[in-house]
Amino acid sequence: MTTETTEEGTPTEASLSRMAENLKKVEELTGRLTEVMTHRKTHQQSLDGPNQELFSKAAQSYMAEAVQNPAKLMEHQMGYWAKTVTHFMEAQQALAKGSFVAPEDKTGSDRRFANPLWETHPYFNFVKQQYLINSEALSQAVEDMSDMEPREKQRLSYFSRQIIDMMSPTNFLATNPDALERAVETEGESLIKGLENLISDLEANDGELIVRLADEKAFELGRNIATTPGKVVFRNKMFELIQYTPSTEEVHATPLVVFPPWINKFYILDLKAQNSLVKWVVDQGYTLFMVSWVNPDAAYRDIGMEDYVEDGYLAAIAEAKKITGQKQVNAVGYCIAGTTLSLTMSLLKQRGDTSIKSATFFTALTDFSDQGEFQPFLTDDFIDGIEAETADKGVLPSVIMARTFSFLRSNDLVYGPAVKSYMMGETPPAFDLLYWNGDGANLPAKMAMQYLRGLCQRNELADGGFDLMGHHLELGDIDVPLCAIACETDHIAPWKDSYRGVQKMGSDNKTFIMTQSGHIAGIVNPPSKKKYGHYTNDDLGLDHTDWLEGAKFHEGSWWPRWEKWLKKRSGKMIPARFPGDDGHVIVSDAPGEYVAKKAKL
């Protein structure tokens, strides 16, 4: 539906009437909105931002700077005032000339302001330039603070950036030309659809606002994602074990067991045939087992890291050995599952168990001494809030983690999608990766706090050892051949930190590969795309800067290079194994039941 206009270009009375009728529909939605907000599940307020101590320290630092270096402060303020007033005068002069044009704009490109009206329309251009001038002034004020500890200053910088991003004029209807144009064009229908989208997102998350990034109706597990053929061959309280159907006549004798992170679902490695690492590995002639973790609820509150190791890793390895008749497996751990794989390997070493023949780590951190972009969320006030939240609910809810990760890239993962969905009334795209991103899982209370306190905050594994299951687990115990893949622009597990952890592992047979792109796209990088390359350097005695400087760049995916490494450790070729052909009970078809459970409390 589009707006009818007169010859002069103004909307007709009929069009204005239809718009008024559309806007009345807003009243019909208020009942749903009231209902969801009335029954909204609350969470610890400390998870919404830093405590007031941080801002008090910032104010004290700012005042101390004013006393100690008034000239610098005055220079900063005068620079801000000059830019603001000068731009105001230029805008006034442009209007005074009688032409409806904007003054000269030297603010540079920003994809939030792609609409031409941001450049040509005096009103929108004035709002845009004033916002960018204010943003620069606030960022500079934080940067100039010299009387704050680096960790506190990093947190202040992060939360200041959140305020700046939130206050962008694109986030408000009155100052967003795209949204206003769409509202007029659709006679207000876009606003109705936007409100419906907003209420639906609130209802889906018990009143917590998590912007839906993908059209959930476009995907179905086992139909158009997670479609690689296989069977669930084992199930316990922690996981389902999927054995994939072979696609080759022969397979390597040594099976491959993949442990994905339990923060998300395993099918990131099996989205669709074109980019499925699962299918690709099977097609190379491997017996592949995939762990599909349970999505815990409050009944799992006392499940700890020891349960993930004993009833997860060790149980999965034992089943894979039993099914294949092999004494060893090759293991893969992705993200937090790689961290826990390192704990498991230290435990096995101390027990004299050689079940793991080789280990591969995908974007895994074992040394948390540099907390990077997550530092604002690893201070005591935030972790105390998480501890109170998990004590109350029995789990760390998926929505809390999703929100935390999203705000690390707020313009791309929060405000941009929110504008399109809530103000433009657009249906989220049918994008499988974004669908997976929104299909998170809860974390058990005990496990979450062990991980956050012991591994992240205190860095115990890399700094002396981590106590678990009656053992003192250390990176130096890991002595099997290992291959680590890290991602160049990974903001969750920075490559230099992954590299540092690998350096501390005891193996004398290490391979380190750094692929281009980030935490997901760097791993899900099939050879057919020929998109991202990767770096290698055999000298792991160098610091990360020198390692990269001396590294060799290779075009294309790292998958074939890893498979060549894996093949050497996977034994002879034997007739292909099919799920159940050893008499083992088949539980269900892949992808199983656990992966389909949504994160509800």
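Trainee: Which residues of H6 are buried?

Mentor: Glu152, Lys153, Arg155, Leu156, Tyr158, Phe159, Ser160, Gln162, Ile164 and Asp165. Buried means under 20% relative accessible area, with exposed over 50% and partly exposed in between, using a 1.4 Å probe and protein chains only. A caution: this is a predicted model, where local features need pLDDT of at least 70, side-chain atom pairs count only at pLDDT 80 or more, and totals for chains, interfaces and linings use all residues. Residues are numbered from 1 along each chain as its sequence is written, and side-chain values use heavy atoms, leaving out hydrogens and water.

Trainee: What span should H6 have, and how far apart are its end C-alpha atoms?

Mentor: H6 covers residues 150-166, and its 17 residues should span 24 Å at 1.5 Å a residue. The expected span is 1.5 Å times one less than the number of residues. The end C-alpha atoms are 24 Å apart, which agrees. Helices here are DSSP runs (H or I, at least four residues), as are strands (E, at least two), numbered from the N terminus.

Trainee: At what angle do H6 and H14 pack?

Mentor: About 35°, with the axes 11 Å apart. H14 is residues 410-423. Axes are lines fitted to C-alpha atoms, for helices over the stretch in contact, and angles run from 0 to 180 degrees between N-to-C directions.

Trainee: Which residues make that contact?

Mentor: From H6, Gln162, Asp165 and Met166. From H14, Ser410, Asn411 and Tyr415. Contact means heavy atoms within 4.5 Å.

Trainee: How many of those are nonpolar, polar or charged?

Mentor: Two nonpolar, three polar and one charged. Ala, Val, Leu, Ile, Met, Phe, Trp, Tyr, Cys and Pro count as nonpolar, Asp, Glu, Lys and Arg as charged, and the others, Gly among them, as polar.

Trainee: New topic. Is Ser346 buried or exposed?

Mentor: Buried, because its relative accessible area is 0%. Ser346 sits in helix H11, residues 336-351.

Trainee: What does Ser346 touch?

Mentor: Leu473, Glu474 and Asp477, leaving aside residues up to four places away in sequence.

Trainee: And where is Ala102?

Mentor: In the loop between helix H3 (70-96) and helix H4 (117-120). Ala102 counts as buried because its relative accessibility is 18%. Its C-alpha atom is separated by 4.2 Å from that of Pro122, 20 residues apart along the chain.

Trainee: Zooming out, how many helices and strands are in the chain?

Mentor: 19 helices and 17 strands. Buried residues make up 53% of the 601 residues.
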